[in-house]
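Please consult the sequence and the structure below while reading.

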Amino acid sequence: MDRRDFIRNSAMGAATVAASRLALGKEGLAHAEPVAADGITWNKAPCRFCGTGCHVQVGVKGGKVVSIQGDQKAEVNKGLLCVKGYHVGLALYGKDRLTKPMLRKNGKLEPISWDEAIEVIAKRVMKNPAGFAIYGSGQWTIPEGYAANKIIKAGIGNNQIDPNARLCMASAVTGFLSTYGVDEPAGCYDDLDKADVIILWGNNPAEMHPVLFSRIVDRRSKGEKVTLIDIGTRRTRTSGFCEHVLTMKPHGDLAIALGIMHLLVESGTYDKGFVEKYCNFRQRVDPPTLDGKAMTFDEYKAALKEYTPEKVEKLSGVAAKDIRMLAELFGKKDLKITSLWCMGMNQHTRGTAINDLVHGVHLLSGHFGKPGDAPTSLTGQPSACGTAREVGTLVHALPGGLLVAKDEHRKEAEALWNLPAGRINAKPGYHTVEMWKRFSTPKAKGGDIDTIWVQVTNPAQSMPNRNALIDPSRKDPDKFLIVSDVYPTQTAMMADLLLPSALWVEKNGMFGNSERRTQQWFKQVDPPGEARDDCWQLIAVSHKLMELGHAGMKDKDGKWLFHTEKDGKEVQIWDWKHYYDINVDERLFDEYRKFSRFKHKDLAPYQEYVKARGLRWPVVQQKDGSWRETRFRFSKFDDPYATKADIQFYHSVTKDDRALIWFHPHENPPEMPDAEYPMWLCTGRVIEHWHTGSLTMRIPQLHAAMPQAYVEMHRDDAKALGVQNGEVVVIESRRGSVEVPVWIDGRGSPPPGSLFVPFFDETILINRVTLEAHDPLSKQPDYKKCAVRVKKRPPKVAAAAGKG
Amino acid sequence: MTVSGLVLTLENDVRTRARALDALALDSRITCGEAHGLRLPVVVETASLAEGETLCESLRNLDGVAFVDVVSIDFSDDVSNPGAA
């Protein structure tokens with residue numbers, strides 16, 4: 001068999017198994033995984049892109065990734081991949097990979113050695129530890145995030161670490177915490193296979209989570225009935241698959257949820273038994289808190305009274321009959337209903353409130369805790385859950401759901417980290433928007449953050465109101481920006497110190513996906529040039545800080561925070577030559593997993609994840625020594641910690657095993673269209689590109705498929721403005737402006753008065769226009785609505801003539 | 001050359017399905033496997049990834065094909081020779 005035949009046969013084998021699984025729901029007779037031959041070695045890894053957590057098989061030959069297959073053994077994707085997933089291997093091979101550390105000297109980035117780079121960072125920290133911050137992301141692997149968190153919380157002690165996950169799922173976190181007392185969804189993707197009705201709240205999974213969406217739509221081709229309801233501010237690719245498309249006004253989701261609750265209560269179709277056994281009622285206080293103020297059912301009913309279908313129609317733009325239709329569905333006990341949401345509900349100045357309300361609709365109607373009955377948030381990054389949320393790389397958090405503000409939590413963390421009592425600071429650091437605001441404010445005016453180390457993210461493109469939050473720092477000589485990245489992104493090119501990083505299978509790693517599934521992979525190829533692991537960079541800086549005399553880098557016995565031994569001898573993991581003498585990921589993960597017990601988010605030992613395609617926590621050891629994952633939390637039939645009742649919210653805010661059903665009134669957003677700025681602007685993503693496009697814009701096929709950002713505009717608005725498809729317009733807000741070509745009747749269709757611009761294109765920086773207003777509890781900014789005006793771009797010739 | 005493994009989900013309607021199968025048989029870049037119900041595994045061999053992408057898109061638009069799922073992709077030639085991409 002020649003090489004061509006081998007590859008062809010492998011591809012046919014994989015496709016046959018996938019076809020068999022799709023058709024029959026089980027594996028066929030063909031081989032289930034790629035065969036090691038033809039010089040290609042295969043290994044598993046989760047996809048590098050979104051939070052779905054698909055597994056791929058990575059084919060490596062000659063030190064390069066040469067082939068990608070959907071992993072037949074993976075429950076998440078069952079061998080299938082989306083357009084980004086099957087190109088993921090090419091993300092490593094963009095032509096402009098960063099390969100040398102570089103320091104800005106006289107305005108120009110010049111190559112330096114790694115030793116110099118590590119020393120520059122350590123000396124900068126020693127100069128002003130209080131002003132140093134780390135800004136990471138939900139793309140940090142679990143060990144990377146854990147190392148960064150330990151350096152800041154156990155070592156430097158200022159709690160100045162936050163992830164870009166603050167921009168994407170912080171409101172989901174506060175929603176889970178305020179409703180159940182503990183973060184992350186109770187259900188999992190299995191719900192998508194069982195639900196009769198799936199409601200998409202401001203969610204476009206056909207583009208953002210395509211493998212999950214095809215899993216849903218595929219049920220129809222098996223003859224199953226599943227009703228899809230799209231609630232959003234514009235028609236998307238998802239809308240075409242939905243039985244009901246309810247186009248709402250921005251912020252209308254709160255009114256819709258309140259309208260459903262009102263009808264359930266008024267008609268008596270809410271689930272009285274479920275509510276009486278498992279729920280309490282809550283209302284907000286001012287300033288808002290996660291535990292609010294108790295209210296009785298009668299007070300709750302009275303508060304809902306004004307949200308009649310007719311009033312909700314006025315507030316939300318969704319017809320009263322459709323509000324009734326939603327309430328009738330929730331009122332039917334024999335249906336299984338799953339709600340899905342992502343950025344639409346989270347990037348919202350009332351993000352916590354709308355998260356609470358959607359959980360509340362499910363609790364009130366009893367559509368909870370059975371397969372197919374679940375309120376489930378999805379994440380945009382591969383480890384927003386595993387790293388940002390579970391490791392707690394947020395300014396207020398410690399690993400495992402512990403909080404810096406709680407005495408007993410700090411004590412637990414100090415014990416596990418072997419720190420002297422009182423080492424961990426009780427005061428949270430600055431959340432993302434505040435951190436960057438202070439970095440962009442002169443020291444004399446209160447800008448007390450003077451150094452930020454950015455890893456695995458691109459805030460110069462992804463932060464809202466870039467003109468105010470990012471750019472001023474670049475003109476202030478007191479401010480020092482360190483960036484670790486793989487490509488010269490917008491942020492990288494602004495750096496004072498730029499560090500080349502390893503990417504994905506160029507290093508060991510672990511991610512945690514949207515359904516509580518923790519995944520592991522091994523390094524499979526070397527990074528290019530002098531690029532090195534982010535985790536090593538953090539550890540090397542920690543060691544250098546200790547050498548320079550930073551007391552926080554030692555535990556109470558005088559040992560370095562990352563002291564590592566093998567066979568009784570210290571392994572010099574701070575020295576790159578020795579970093580892979582031991583599996584640092586395994587050592588860090590097995591230390592971190594001790595934290596996972598506090599909130600019953602139990603993780604298994606590292607080696608269990610080596611064997612699996614991910615395991616959903618809590619992963620609990622059985623009597624026979626095996627480890628069992630949990631699909632449905634809080635439900636006695638599956639969750640080993642739910643022992644007292646069929647449903648037990650064992651981390652309940654009210655300490656009585658009950659969840660909270662909240663009342664939050666509808667309120668208008670902080671900025672709305674007016675005479676000066678008459679249109680709404682919504683921003684988001686497209687299927688071809690992942691977030692700021694720093695990886696996918698370098699994959700030729702994806703770049704070719706979607707080479708440039710655009711503004712979706714309603715035909716009537718385009719006609720009134722006198723612009724044609726492809727014509728460039730100027731979008732202006734009170735904060736900034738951007739020039740962008742128009743797409744009329746494009747992939748998405750906003751209603752009249754609304755615009756949509758994706759943010760993947762670094763040549764069209766829509767975040768110069770967006771608003772940094774954020775939710776008061778989650779501190780997550782609202783990228784989905786601000787007021788703008790749009791005008792035709794003045795002819796360049798005329799402008800030049802005018803100047804002359 | 002790139003080689004991709006796909007699963008085509010065919011339409012229920014017999015006549016449109018037959019037309020789709022005829023169209024697939026006429027394209028020398030496509031090798032069909034044994035169907036499992038409406039799911040047909042196929043292998044696509046194209047000169048470049050870009051051509052493979054275009055062919056996938058045309059399969060998505062082919063009458064009688066409801067969905068196209070990509071299962072595997074081999075781009076060793078593209079990686080060895082980046083200019084080919």
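## Strand β32 of chain A and its partners

Strand β29 (residues 711-713) of chain A pairs with β32(A) in the antiparallel sense over two bridges. Strands here are DSSP E runs of at least two residues, helices are H or I runs of at least four residues, and both are numbered from the N terminus. Two strands pair if DSSP finds at least two bridges between them. Within this pairing, Glu712(A) stands opposite Phe756(A) of β32(A). Strand β28 (residues 679-684) of chain A runs parallel to β32(A) and is joined to it by five bridges; there, Leu681(A) has Leu755(A) as its bridge partner. Strands of a sheet pair through backbone hydrogen bonds, either parallel or antiparallel.

Strand β32 (residues 754-758) of chain A is mostly covered, five of its five residues being buried. A residue counts as buried if 20 or more other C-beta atoms, placed from the backbone, lie within 10 Å of its own, as exposed if 12 or fewer do, and as partly exposed in between. Ser754(A), Phe756(A) and Pro758(A) are buried on one side of β32(A), and Leu755(A) and Val757(A) are buried on the other.

## Basis of the model

This is a predicted model, in which local features need pLDDT of at least 70 and side-chain atom pairs count only at pLDDT 80 or more, while totals for chains, interfaces and linings use all residues. Residues are numbered from 1 along each chain as its sequence is written, and chains are lettered from A and ligands numbered from 1 in the order in which they are written.

## Chain B

Chain B contains three helices and four strands, arranged along the sequence as β-α-β-β-α-β-α. Of its 85 residues, 41% are buried. Among the contacts in chain B with a separation of 6 or more, 70% are between residues 24 or more positions apart. Two residues are in contact if their C-beta atoms, placed from the backbone, lie within 7 Å.

## A sheet across both chains

An open sheet of seven strands has the order β1(A)-β2(A)-β3(A)-β4(B)-β1(B)-β3(B)-β2(B), with antiparallel pairing. β1 (41-46) of chain A and β2 (30-32) of chain B stand at the edges, each with a single partner strand, so one side of each has no neighbour in the sheet.

Between the chains, β3(A) and strand β4 (residues 65-74) of chain B run antiparallel and are joined by three bridges. Gln69(A) has Ser72(B) in β4(B) as its bridge partner. Within chain A, β1(A) and strand β2 (residues 55-61) pair in the antiparallel sense over six bridges, with Asn43(A) partnered by Val58(A).

## The interface between chains

At the interface, 35 residues of chain A are in contact with 34 residues of chain B. On the chain A side, α1 (3-24), β3 (64-70), α7 (210-221) and α24 (700-705) each supply at least two residues. α1(A) gives the most, with 13 residues.

## Domains 3 and 4 of chain A

Chain A is divided into domain 1 (3-93), domain 2 (102-168 + 383-579), domain 3 (170-378 + 656-663) and domain 4 (679-803); these bounds come from an automatic or database domain assignment. The centres of domain 3 and domain 4 of chain A, taken over C-alpha atoms, are separated by 29 Å. Across their boundary, 27 residues of domain 3 of chain A are in contact with 26 residues of domain 4 of chain A.
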